[in-house]
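Open your viewer and get your selection tool ready. Let's walk through this model stop by stop.

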Number of protein chains: 2
Amino acid sequence: MQRQLLLLSSSRPNRQASYFSHAQGPLNDILKGLKRLLFIPYAAPGGMAYADYTTSIREAFAAIGLPQQVEGIEAYKSPALAIREAEAVFIGGGNTFLLLKTLYEMDLLEPLRRRVLDGMPYIGSSAGSNIAGLTINTSNDMAIVHPPSLNALGFLPFNINPHYPLKESELHSGESRAERIREFHALPQNRQPVLALYESSMLLLKDNQLNLLGSSSSDEPAAWLFRQGEEEAVPYGVGGDLSGLLAETL
Amino acid sequence: MQRQLLLLSSSRPNRQASYFSHAQGPLNDILKGLKRLLFIPYAAPGGMAYADYTTSIREAFAAIGLPQQVEGIEAYKSPALAIREAEAVFIGGGNTFLLLKTLYEMDLLEPLRRRVLDGMPYIGSSAGSNIAGLTINTSNDMAIVHPPSLNALGFLPFNINPHYPLKESELHSGESRAERIREFHALPQNRQPVLALYESSMLLLKDNQLNLLGSSSSDEPAAWLFRQGEEEAVPYGVGGDLSGLLAETL
């Protein structure tokens, strides 16, 4: 079996849109024929109970017409067993450091890797997409906790930078996002490419094909690929084929 | 002797201003009578050589009329000895994670602590200010490296968040800065207050008095104090007295 991944940059393309409205088609496709979806809420930003997060995801998925029963991993006695028996997994957004630290503490990275390499569909949004890459060194989140390692699930041989801004803010004198990613690459050990995804963009891996999905118009980029040693990032539009990246070795 | 700290949120109050133009007076005051200033460039963002960073700081300090000779720690055989013999230390901005990791790897946290607790003036800007607080969990930087710990120098019993935006960007659908700091505080173990400093703001600790400096007008806040369990952050203006924070226990 082959990896099946659907990685959303964001759970909504902008602050006005309803949740997952931009991803209805791809979600339906990757979950086709499945009855249950296991939701992992460990990125839950401060103060939100896991069960409340699961409820909000269940409602959002119902609102876009997905027929799957959404079950929160927090309802299981054994989270590892829940993953072993899942038909598909969805890891939602929040804080990427908190998410990865929790997965390390609960020893869930290996169970997730085993199932996904075996073909179980994996859906991520924001933090959940970030951890599907090699490391979370290019997360935008505040490191509100200190995970034992920043190495992530590594389903893809590159890093992801979600929520890439259409336009840089002029409201601060700090670094731009592109400058931050270039700082990552300026360190010799950080050899992996970084794929920066606009809010409305998604990455779909199926049948060994890696493609960009999204709602930007065809003449606009949906993502930028940053590589160590290359001054200019390379833009990719919706429909762009990134399958060549799958064969990269570092 | 008592700690003497001057912590700048940013090396310039906005992208148009020249470096350290907003801090000329306080820098002159804290360095009065001293001949040399040891500069630590370890936060140097990607690709910039330490010696180049030191040169740019030397030129910027000369341009605002500071008489001290600026020496880069990279020119010393023993960085620990350079710190032991320094009259004053300045740690510049860049990437906070890279800075802290380098200080850990070079075993320089203790030498710095010893000298600063003994009264040697410590100046920081951005990343250099961030590490003067308890931890770097509230840095805005990308975690381009993984330090062995996020615990920092702890010269102040709270965390710092530099580059606090005057206004939140509407360009992305991610969390606002205030939401990020609240997520930090939503975790039970993160009990320390967080002082968020606007670009033009500075924190001066002298004679056991902790005060806010800066160029905002008197009816505008220069900083916000976030506390665990408190919904609203408390604004402080230029001249605001934060000495009460020094006695906090967590």
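This is a predicted model: local features need pLDDT of at least 70, side-chain atom pairs count only at pLDDT 80 or more; totals for chains, interfaces and linings use all residues.

**Stop 1: helix α5 of chain B.** Select residues 109–117 of chain B, which form α5. Which of them are buried? They are B:Leu109, B:Pro111, B:Leu112, B:Arg115 and B:Val116. Now look down the axis of α5(B): the buried residues fall within an arc of 165°, so they line one face of the helix. Turn to the other side of α5(B), and you will find B:Arg114 and B:Leu117 exposed.

Next, show what covers the buried residues of α5(B): the cover includes β1 (5–8), β2 (36–40), α3 (79–84), β4 (89–91), α4 (96–105) and β5 (122–125) of chain B.

**Stop 2: the core.** Select A:Tyr122 and B:Tyr122, the residues with the most contacts inside the largest nonpolar core, which has 121 residues. Around A:Tyr122, leaving aside neighbours within four places in sequence, the contacts include A:Leu5, A:Leu7, A:Val89, A:Ile91, A:Ile131 and A:Phe155.

**Stop 3: where the chains meet.** Colour by chain: 46 residues of chain A are in contact with 46 residues of chain B. The two chains bury about 3600 Å² between them, 55% of it on carbon and sulfur atoms. Across this interface the rule finds zero salt bridges, but 10 residue pairs in polar contact. On the side of chain A that touches chain B, the elements giving two or more residues are α4 (96–105), β6 (159–164) and α7 (177–186). Finish on α7(A), which gives the most to that side, with six residues.

How values were computed
Residues are numbered from 1 along each chain as its sequence is written. Chains are lettered from A and ligands numbered from 1 in the order in which they are written. Side-chain values use heavy atoms; hydrogens and water are left out. Buried means under 20% relative accessible area, exposed over 50%, partly exposed in between (1.4 Å probe, protein chains only). Helices (H or I, at least four residues) and strands (E, at least two) are DSSP runs, numbered from the N terminus. The arc is that of the directions from the helix axis to the C-beta atoms. Contact means heavy atoms within 4.5 Å. A nonpolar core is a set of buried Ala, Val, Leu, Ile, Met, Phe, Trp, Tyr and Cys residues joined through side-chain atoms within 4.5 Å. Buried area is the accessible area (1.4 Å probe) that two parts lose on being put together, summed over both. A salt bridge is a side-chain nitrogen of Lys or Arg within 4 Å of a carboxyl oxygen of Asp or Glu. A polar contact is a pair of N or O atoms within 3.5 Å; within protein, one must be able to donate a hydrogen and the other to accept it, and residues adjacent in sequence count only if both atoms are side-chain atoms.
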